[in-house]
Amino acid sequence: CSLQTLMQNHQDLLRFLRVTKQYLPHVARLCLISTFLEDGIRMWFQWSEQRDYIEATWSCGYILATCFVLLNLIGQIGGCVLVLSRNLVQYACFGLFGIIALQTVAYSILWDLKFLMRNLALGGGLLLLLAESRSEGKSMFAGVPSMGESSPKQYMQLGGRVLLVLMFMTLLHFDSSFFSILQNMVGTALIILVAVGFKTKLAALTLVLWLLAINVYFNAFWTVPAYKPMHDFLKYDFFQTTSVIGGLLLVVALGPGGVSMDEKKKEW
């Protein structure tokens with residue numbers, strides 16, 4: 001009975017992927033860049049606050065603080081436009097990687113383990129987007145003989161999967177309630193499956209649904225008045241989590257890549 005249920009779930013997943021094949025990558029990219037788009041817009045509307053914070057924190061002067069805010073605004077919105085328009089995606093990814101690194105240092109995220117792991121998970125999503133852009137570039141030469149999938153792309157997908165699961169490490173609750181123990185056990189099993197690349201698409205899709213539910217429930221910034229500091233905090237958390245969902249959707253759309261148990265099973 002359990003084997004039949006497993007086979008049925010597999011068939012349902014295949015049907016879902018066939019129906020959403022042409023839409024899923026677009027949705028994944030939109031989700032993935034959402035945190036950069038939101039942060040770039042926030043730089044515009046909170047220009048003075050962001051500039052003053054950087055100037056006060058680093059004592060770098062008015063001009064350097066202004067350059068920091070301007071770089072974040074242009075870099076993030078410009079990168080999002082390039083990703084969504086499918087132009088110069090690799091350069092856009094490198095630019096967004098730079099923004100993550102810059103903000104990690106500027107906002108002292110390096111010393112906050114939870115936020116550091118979430119930033120690394122965000123970087124994992126960008127690695128998967130970079131791998132996808134390499135696939136698109138390769139598909140332009142359809143019909144040309146190939147020795148197989150390029151190693152850099154395979155390892156980008158592996159690195160992206162491993163970094164993505166760091167998001168879920170921040171969601172584990174270390175208490176003795178039955179619900180927390182059950183959530184930790186199921187969540188840990190799913191993130192291990194994604195990391196090693198076994199039943200990857202099904203595990204990643206399950207994590208998408210789980211993370212989506214958690215995001216809407218715990219990060220409902222629209223229920224908090226805009227003048228309260230918690231509004232911005234929850235909004236930041238909401239869009240960062242949405243970006244990780246985008247990375248997982250790329251895993252669902254593209255598969256785990258060559259360095260995975262799913263791929264090795266084909267050789268057995």
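Visitor: Which residue just after helix 4 takes a positive phi?
Guide: That's Arg 86, with a phi of about 65°. Keep in mind that this is a predicted model, where local features need pLDDT of at least 70, side-chain atom pairs count only at pLDDT 80 or more, and totals for chains, interfaces and linings use all residues. Residues are numbered from 1 along each chain as its sequence is written, and side-chain values use heavy atoms, with hydrogens and water left out.

Visitor: How many residues has helix 4?
Guide: Helix 4 has 24 residues, 62–85, and reaches 34 Å from its first C-alpha to its last. That is close to the 34 Å expected at 1.5 Å a residue, taking 1.5 Å times one less than the number of residues. Helices here are DSSP runs (H or I, at least four residues), numbered from the N terminus.

Visitor: Which residues in helix 4 are buried?
Guide: Among them are Phe 68, Asn 72, Gln 76 and Cys 80. Buried means under 20% relative accessible area, exposed over 50%, and partly exposed in between, with a 1.4 Å probe and protein chains only.

Visitor: New topic: how many aromatic pairs are there?
Guide: The count comes to 11. Rings of Phe, Tyr and Trp (its six-membered ring) pair if their centres lie within 6.5 Å; planes under 30 degrees apart are stacked, over 60 edge-to-face, and the rest tilted. Tyr 53 and Tyr 107, for instance, are stacked at 5.7 Å centre to centre, with 20° between the planes.

Visitor: Where do Tyr 53 and Tyr 107 lie?
Guide: Tyr 53 is in helix 3 (residues 47–58) and Tyr 107 in the loop between helix 5 and helix 6, so the pair ties together parts 54 residues apart in sequence. Tyr 53 is partly exposed at 37% relative accessible area, and Tyr 107 is partly exposed at 23%.

Visitor: And what about Phe 115 and Phe 233?
Guide: They form an edge-to-face pair, 6.2 Å centre to centre with 75° between the planes. Phe 115 is in helix 6 and Phe 233 in helix 11, 118 residues apart. Phe 115 counts as buried at 18% relative accessibility, while Phe 233 is partly exposed at 37%.

Visitor: Which residues form one aromatic cluster?
Guide: Phe 221, Trp 222, Phe 238 and Phe 239.

Visitor: Last one: where does UniProt place "transmembrane region"?
Guide: The unreviewed entry puts that feature at residues 62–84, 91–110, 178–195, 202–218 and 238–259; such annotations may be inferred rather than shown by experiment. In the model, residues 178–195 are 100% helix, with end C-alpha atoms 26 Å apart.

Conventions
Helices (H or I, at least four residues) and strands (E, at least two) are DSSP runs, numbered from the N terminus.
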